[in-house]
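Subject: Structure handover

Hello,

Here is the structure I said I would pass on. My notes follow below it.

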Amino acid sequence: MILSIPTSEQELLNRAELVAGYSFGEIAQYLNIPIPANLNKQKGWVGNLIETFLGANAGSKAERDFVKLGIELKTIPVDKQGKPLETTFVSVTPLMANHGVIWETSHVKYKLAKVLWIPIEGDRTIPLVERKVGKPILWEPNQEQEQQLKQDWEELMDMVTLGKVEKITARYGTYLQIRPKAANGKALTEAIGENGQIILTRPRGFYLKKTFTMQILQASICSSHQSK
DNA sequence: CCGTGATCATGC
DNA sequence: GCATGATCACGG
């Protein structure tokens with residue numbers, strides 16, 4: 001089953017709010033999509049399920065999910081207290097041709113300009129079929145958050161361009177980190193080495209640390225209380 | 001191989 | 001316990 005692409009932000013929000021509270025089993029049955037026993041072999045299954053229901057532009061383009069609306073969709077697994085269980089992948093880390101690349105025009109800033117967060121139950125003790133979708137959060141980074149991300153991005157990209165990519169660990173960056181992002185350890189891509197030469201290294205990606213996404217989720221709880 | 005969707009699972 | 005580094009599936 002293919003659902004139409006939402007033509008407005010409000011339509012997208014309405015659909016996201018509609019699906020809140022339903023289980024993965026119910027949604028998969030409605031869309032006629034088979035449910036895996038677990039996510040071991042299909043780690044992106046939940047993300048694809050929600051994308052399909054919300055009518056996101058399918059494909060693997062380096063574009064936002066809802067191009068016309070300028071909105072990126074992210075499902076985020078949370079525990080019983082609503083805290084993130086995983087970091088959040090943002091985009092591939094460019095390891096070459098970074099001359100003149102700045103934060104303002106970076107893929108990270110672009111992707112995170114406007115995000116529709118969909119919390120999902122991620123507790124592995126709950127059978128996949130029974131796990132439920134949470135209430136959507138439409139988020140834009142505030143000035144402080146953008147500054148935090150920019151600072152981390154600049155520190156990390158400095159290392160990449162200066163040939164220190166092999167020295168980067170996930171411990172760098174306060175809220176944004178760089179980690180491997182590949183099919184397996186055999187995947188290699190070009191990068192700048194210690195002496196400015198071209199080396200082969202594992203592809204990397206930018207990820208948001210849990211401390212950052214937790215702030216987004218908690219802030220939304222606060223504002224919903226205040227608005228009552 | 002790259003980029004999309006991410007979570008797994010071992011080491012600390 | 002939990003984060004880091006590794007990995008799974010798929011379209012192009």
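Contact here means heavy atoms within 4.5 Å. The model is a predicted one.

Helix α1

In that sense of contact, the buried residues of α1 pack against α2 (24-31), α3 (45-54), β3 (115-121) and β4 (137-139). The helix covers residues 9-19, and its buried residues are Leu12, Leu13, Arg15, Ala16 and Val19. Viewed down the axis of α1, these fall within an arc of 165 degrees, so they line one face of the helix. Just after α1 comes Gly21, with a positive phi of about 95 degrees.

Nonpolar cores

The largest nonpolar core holds 29 residues. Val108, Leu112, Trp117, Trp139, Leu149, Phe206 and Leu208 have the most contacts inside this core. At least two residues each are supplied by β1 (72-78), β3, β4, α5 (143-161), β5 (176-180), β8 (204-208) and α6 (210-226). Of these, α5 gives the most, with six residues. Leaving aside residues up to four places away in sequence, Leu112 touches Val90, Trp139, Pro141, Leu149 and Leu208. There is also a second, separate core of 25 residues, with Leu13, Phe24, Leu49 and Leu128 among them.

The three-stranded sheet

An open sheet is formed by three strands in the order β2-β8-β5, with antiparallel pairing. The edges are taken by β2 (88-92) and β5; each has a single partner strand, so one side of each has no neighbour in the sheet. On average, neighbouring strands of this sheet are turned by 40 degrees against each other, direction ignored. Four bridges hold the antiparallel pair of β2 and β8, and Phe89 stands opposite Tyr207 in β8. Helix α5 packs on the sheet, where α5 touches β5 and β8. The direction of α5 makes about 40 degrees with that of β5.

The β6-β7 hairpin

Strand β6 (residues 189-192) runs antiparallel to β7 and is joined to β7 by four bridges. The bridge partner of Glu190 is Leu200 in β7. Five residues lie between the two strands of this hairpin, and in the hairpin Gly196 takes a positive phi near 85 degrees. Which residues of β7 (residues 198-201) lie on the covered face, and which on the uncovered one? Ile199 and Thr201 make up the covered face, whereas Ile198 and Leu200 make up the uncovered one.

Regards

Definitions and conventions: Residues numbered from 1 in each chain as written. Chains lettered and ligands numbered in written order. Predicted model: local features only at pLDDT ≥ 70, side-chain atom pairs only at ≥ 80, totals over all residues. Heavy atoms only, no water. Buried < 20%, exposed > 50% of the residue type's maximum accessible area, 1.4 Å probe, protein only. Pairing = 2+ DSSP bridges. Arc of directions from axis to C-beta. Core = buried A, V, L, I, M, F, W, Y, C linked by side-chain atoms within 4.5 Å. Axes fitted to C-alpha atoms, helices over the stretch in contact; angles between N-to-C directions.
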